[in-house]
Amino acid sequence: MALKRAANYRRAVIFLRVALAVAGLAAWEGAVRWGWLDPFFFSQPSAIYAQLVVWLTEGTAQGPLWSELAVTMEETVLGFLIGSLLGVLCGVVLGRNKLAADVFSIYIKVANAIPRVVLGSIFIIMFGLGMGSKVALAVVMVFFVVFGNAFQGVREADRNMIANAYILGASKRQVTMSVVFPSALSWILASLHVSFGFALVGAVVGEFLGARHGIGLLISTAQGTFNAAGVFSAMIVLAVVALGAEYLLTALEDKLLKWRPAQFVEQGM
């Protein structure tokens with residue numbers, strides 16, 4: 001009975017999601033056709049669909065849509081991976097070392113206070129219009145999100161479990177890898193959901209500021225020609241990518257969160 005109710009609930013959620021999307025698109029299309037919204041500024045779903053069809057079948061002004069998307073995804077994934085790795089590493093190291101945390105805290109606060117999107121212009125000057133400037137901006141966008149969660153997760157680790165591990169003869173490295181890191185894992189994974197979106201924003205903003213290829217360049221080109229349908233079409237492509245990444249990260253989180261600090265303590269000592 002409980003399984004049936006759960007299945008019915010899932011179907012109801014899916015139905016309501018689809019119904020809400022259909023109703024919103026229909027209202028938008030109707031508002032434009034009835035003259036309530038100016039299609040020059042707001043476009044309309046039918047025009048956006050036509051633009052997507054053109055991009056998929058005939059390509060964009062810069063080349064095939066898939067190649068433009070591949071450029072943006074390569075920049076995003078590289079920035080996400082590098083920024084996440086650096087954020088986790090620095091968060092765990094500073095979380096476990098009070099002196100280092102006290103020394104570097106002021107610099108981290110200052111760097112975090114700087115609007116990171118503004119750094120895109122600096123990175124373009126430093127690294128040019130190629131992939132390097134976009135990856136650098138994506139790394140900066142991701143780093144502080146992951147670092148903050150990793151640092152806080154390490155600080156929130158169970159002190160009694162850490163003390164017990166030391167009593168049983170564990171080294172500092174064993175405690176960090178077998179107790180502290182698994183305890184902070186839920187904090188780190190929670191930050192990854194948000195940070196991938198930031199990596200995508202960093203890559204697209206970097207392309208918008210200056211690039212030879214990418215979805216951000218498509219948005220910039222569409223904006224320059226007052227093609228509202230092109231802007232919305234590029235946004236839909238990015239939304240689909242972000243949604244797919246969210247499902248992949250959720251699946252990864254479900255697997256990794258099966259780990260338990262106690263299991264690591266038993267295996268590591």
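This is a predicted model: local features need pLDDT of at least 70, side-chain atom pairs count only at pLDDT 80 or more; totals for chains, interfaces and linings use all residues.
On a 1 Å grid over the protein atoms alone, a pocket is an open set of points where a 1.4 Å probe fits, with protein on both sides within 12 Å along at least five of seven lines, and its lining residues are those with an atom within 4 Å of a point. Grid points are joined across faces, edges and corners, and a volume is the space filled by probe spheres set on the points. Residues are numbered from 1 along each chain as its sequence is written, and side-chain values use heavy atoms, with hydrogens and water left out.

The largest pocket holds about 220 Å³ of space. Its lining is made up of Leu94, Ala101, Asp102, Ser105, Ile108, Lys109, Asn112, Phe144, Phe147, Gly148, Phe151 and Arg155. Helices α5 (98–113) and α7 (131–155) each supply at least two residues of this lining, helices being DSSP runs of H or I with at least four residues, numbered from the N terminus. The greatest contribution to the lining of the largest pocket, six residues, is that of α5. By class, six of the lining residues are nonpolar, three are polar and three are charged, where Ala, Val, Leu, Ile, Met, Phe, Trp, Tyr, Cys and Pro count as nonpolar, Asp, Glu, Lys and Arg as charged, and the others, Gly among them, as polar.

For the second largest pocket, the volume is about 180 Å³, and the residues that line this pocket are Val88, Leu89, Val92, Val93, Arg96, Asn97, Lys172, Thr176, Met177 and Phe181. At least two lining residues come from each of α4 (65–96) and α9 (172–209), with α4 providing the largest share, five residues. The lining of the second largest pocket comprises six nonpolar, two polar and two charged residues.

Asp102, one of the residues lining the largest pocket, also takes part in a salt bridge with Lys98, in which the closest N and O atoms are 3.0 Å apart; a salt bridge is a side-chain nitrogen of Lys or Arg within 4 Å of a carboxyl oxygen of Asp or Glu. Because Lys98 and Asp102 are four residues apart in helix α5, about one helical turn separates them. Lys98 is exposed, with a relative accessible area of 59%, while Asp102 is partly exposed, at 46%; here buried means under 20% relative accessible area, exposed over 50%, and partly exposed in between (1.4 Å probe, protein chains only). A search of the whole structure finds two salt bridges, and Glu29 and Arg33 form one of them, with their closest N and O atoms 2.7 Å apart. Glu29 and Arg33 lie four residues apart in helix α1 (residues 2–33) and are therefore separated by about one helical turn. Within this pair, Glu29 is buried, with a relative accessible area of 13%, whereas Arg33 is exposed, with a relative accessible area of 60%.

Glu68, which lies in helix α4, is buried yet has no salt bridge, and the nearest side chain of opposite charge, that of Lys134, is 11 Å away; in assigning charge, Lys and Arg count as positive and Asp and Glu as negative, while His and the chain ends are not counted. When neighbours within four places in sequence are left aside, the contacts of Glu68 (heavy atoms within 4.5 Å) are with Thr60, Gln62, Gly63, His213, Gly214, Ile215 and Leu218. Ile215 and Leu218 are among the buried residues of helix α10 (residues 215–224), which also include Gly216, Leu217, Ile219 and Ala222. After α10 comes Phe226, whose phi is positive, near 55°.

Met73 is likewise found in helix α4 and is partly exposed, with a relative accessible area of 21%. Beyond its neighbours within four places in sequence, Met73 is in contact with Phe196 and Val241. Met73 and Ala203, although 130 residues apart in sequence, have their C-alpha atoms 8.3 Å apart in space. Phe196 lies in helix α9 and is buried, with a relative accessible area of 9%. With residues up to four places away in sequence not counted, Phe196 touches Met73, Thr76, Phe80, Ala245 and Leu249. Phe196 and Ile162, by comparison, are 34 residues apart in sequence and 31 Å apart in space, C-alpha to C-alpha.
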